[in-house]
Amino acid sequence: MRLGPLIGSFTLPNPFFVAPMAGVTDRPFRMLCRRLGAGHAVSEMVTSKRELWESLKTSRRADHAGEPGPVAVQIAGVEPAEMADAARYNIDRGAQIIDINMGCPAKKVCNRWAGSALMKDEPLAVRIIEAVVAACAPRAVPVTLKMRTGWSASSPGGRNALALARAAEAAGVAMVAVHGRTREMGYGGVAEHETVAAVKAALTIPVVANGDIHTPARALELLRATGADAVMIGRGAMGRPWIFRDLVHLHEHGCLPPPPATRDVQRWLHEHLLDHYALYGEHTGVRSARKHIGWVVRALPGGEAFRQAMNRLETCDAQLAAVDRYFAELAQRHVQLPEARSGAANDEGPGWAVAA
Ligand SMILES: Cc1cc2nc3c(=O)[nH]c(=O)nc-3n(C[C@H](O)[C@H](O)[C@H](O)COP(=O)(O)O)c2cc1C
């Protein structure tokens, strides 16, 4: 197995990362992705606004109990000094790598756009990077940066990932990830990876390619085509965290493994839900778990009907029991997870009743 890049003193076990996604890659989901083979997992972004640190949402994001290292926490903000404080705060709570968010298209902090909007103000972006690196260096905590290809493909100088990546490397950043879209594109259009290849060619630190990787084959193809040191998968892992198991297998053996056993998927989801309820509690947990369950079942036989019925359940016990029944029934007809029909609900089989 090819090892992942070296970040500070951490050699990552492989070059297949799960991308940070607010509302998705919380600790339970990150741990699931890692168990299934992901070589690195960065937290959802944590705001640099001190007054929000004690909020339930932020304190949950800063809770890394039981998470295998290296624990990487992403911070978002627009003020260099605040970002430095946020880095120190998260290091005190267990962060071993700090990731700076310059990749998110929509994150407003105090009426100013953070995330990828910072790419439009390179001097400020560099001041933020320098302040965070200075805060992390005394604790020997490496800093990574996630960015887009730029802020606009149509404006002069708008595709500035290369310039910013060079500045980041000079400032002491240990790894750069590039999502192959400009900020202007949001999530529309198609990601391009020529820019990440150019960044990789120009830098000596590890570079990560990200954007529109939905299959293991595409991940390996991009690694080769861009020369990147790793790839990062976001939406392709939603409801399908075993994409990392498939990817590791493809990489090691040159072929995909058989689909996972339906009973294994049931077990993974069951364990994920228990972790999820433990972090969020009953009221929030049962609601926020619905999306994860929905992503897993949406293209499976009877999945859409099951999802709609499951969404009406109000307790963790009822939700968990319904999930177990759905998969037990599915396993009787499909020992291995049936190939999901992409983009569409799969309506084979009976309608799903979730009542006990
Ligand atoms: C729901 C959602 C939330 C996201 N939240 C973050 C975030 O908190 N920080 C960040 O840097 N990028 C965030 N992103 C961007 C992803 O990390 C990734 O760059 C993007 O989705 C492209 O990769 P993909 O095509 O594999 O999904 C988010 C994306 C999605 C879909």
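Pro70 is situated in the loop that connects α2 (56-61) to β5 (72-76). In this predicted model, the peptide bond leading from Gly69 into Pro70 adopts the cis form, with omega near -5 degrees.

Two further loops contain residues with positive phi values. Ala140 belongs to the loop between α4 (122-136) and β9 (143-150). Although Ala140 is not a glycine, its phi is positive, at about 55 degrees. Ala140 has 10 other C-beta atoms within 10 Å and is therefore classed as exposed, the limit for this class being 12 or fewer. The second case is Asp212, placed in the loop between β11 (207-210) and α7 (216-226). Asp212, likewise a residue other than glycine, has a positive phi near 65 degrees. With 19 other C-beta atoms within 10 Å, Asp212 is partly exposed, because a residue counts as buried at 20 or more such atoms.

Glu82 forms part of helix α3 (residues 80-92). For Glu82, 19 other C-beta atoms lie within 10 Å, so this residue is partly exposed. When residues up to four places away in sequence are not counted, Glu82 touches Ser48 and Gly77. A separation of 9.5 Å is found between the C-alpha atoms of Glu82 and Thr47, which stand 35 residues apart along the chain.

The packing of two helices was also examined. The axes of helix α5 (residues 161-171) and helix α6 (residues 194-202) come within 9 Å, and their crossing angle is roughly 30 degrees. Angles under 35 degrees count as roughly parallel, and α5 and α6 are therefore assigned to this class. Their crossing is right-handed. On the α5 side, the contact involves Ala161, Leu162, Ala165 and Arg166, which meet Thr195, Ala198, Val199 and Ala202 of α6. By class, this contact between α5 and α6 consists of 6 nonpolar, 1 polar and 1 charged residues.

The surroundings of the ligand comprise 22 residues, of which Ala19, Met21, Ala22, Gly234 and Arg235 are the closest. Classified by residue type, the shell around the ligand contains 9 nonpolar, 9 polar and 4 charged residues.

Methods: Residues are numbered from 1 along each chain as its sequence is written. This is a predicted model: local features need pLDDT of at least 70, side-chain atom pairs count only at pLDDT 80 or more; totals for chains, interfaces and linings use all residues. Axes are lines fitted to C-alpha atoms, for helices over the stretch in contact, and angles run from 0 to 180 degrees between N-to-C directions. Helices (H or I, at least four residues) and strands (E, at least two) are DSSP runs, numbered from the N terminus. Angles under 35 degrees count as roughly parallel, over 145 as roughly antiparallel, 65 to 115 as roughly perpendicular and the rest as oblique. A crossing is left-handed if the near helix is turned anticlockwise from the far one by less than a right angle, and right-handed if clockwise. Two residues are in contact if their C-beta atoms, placed from the backbone, lie within 7 Å. Ala, Val, Leu, Ile, Met, Phe, Trp, Tyr, Cys and Pro count as nonpolar, Asp, Glu, Lys and Arg as charged, and the others, Gly among them, as polar. A residue is near a molecule or strand if its C-beta atom, placed from the backbone, lies within 6 Å of it.
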